[in-house]
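The tour below goes from one pair to the next.

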Amino acid sequence: MAHITIRKAPGTYVVRAGDAVIGETTRALELTEGGMSPVIYIPRDDMALALMDKTARETTCPHKGVASYYSVSAPGGTLVNAVWSYETPHDAVRDIAGHMAFYTDRITVERV
């Protein structure tokens with residue numbers, strides 16, 4: 001198994017689709033996996049879920065489980081499959097259950 005570390009990400013994080021704020025939290029998690037860049041996971045409860053639609057896309061990670069994907073309705077158009085979530089992750093990463101992560105080439109995640 002790849003070395004995965006999950007820790008509380010200190011500070012406040014804001015998530016934007018274009019100019020629209022679609023999430024804000026002080027409860028973010030940072031997941032680091034092997035030599036990859038860290039990924040910020042935001043609690044689902046802190047996201048504007050009304051702007052998101054679950055898609056049929058799913059992928060499987062041998063270390064985390066099955067990821068579900070969401071598209072975001074943004075002022076400039078729909079950002080297809082820009083968000084993912086491990087709704088029932090493997091036990092080793094169960095802390096990310098109920099959280100969402102983002103493709104940062106389409107969604108901005110910043111610590112403020």
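A salt bridge here is a side-chain nitrogen of Lys or Arg within 4 Å of a carboxyl oxygen of Asp or Glu. The model you are looking at is predicted, and a search of the whole structure finds seven salt bridges in it.

Select Arg44 and Glu87 to begin with, whose side chains meet in a salt bridge with an N to O distance of 3.6 Å. Arg44 lies in the loop between β5 (39–43) and β6 (52–61), while Glu87 lies in the loop between β8 (77–85) and β9 (99–102), so the pair ties together parts that are 43 residues apart in sequence. Glu87 counts as partly exposed, at 29% relative accessibility.

Next, select Glu110 together with Arg16, where the side chains form a salt bridge at 2.1 Å, N to O. Because Glu110 belongs to strand β10 (residues 108–111) and Arg16 to strand β2 (residues 13–17), this pair ties together parts that are 94 residues apart in sequence. Glu110 is partly exposed at 31% relative accessibility, and Arg16 is also partly exposed, at 25%.

Now move to Arg106 and Asp105, which are joined by a salt bridge whose closest N and O atoms are 3.6 Å apart.

Definitions and conventions
Residues are numbered from 1 along each chain as its sequence is written. This is a predicted model: local features need pLDDT of at least 70, side-chain atom pairs count only at pLDDT 80 or more; totals for chains, interfaces and linings use all residues. Side-chain values use heavy atoms; hydrogens and water are left out. Helices (H or I, at least four residues) and strands (E, at least two) are DSSP runs, numbered from the N terminus. Buried means under 20% relative accessible area, exposed over 50%, partly exposed in between (1.4 Å probe, protein chains only).
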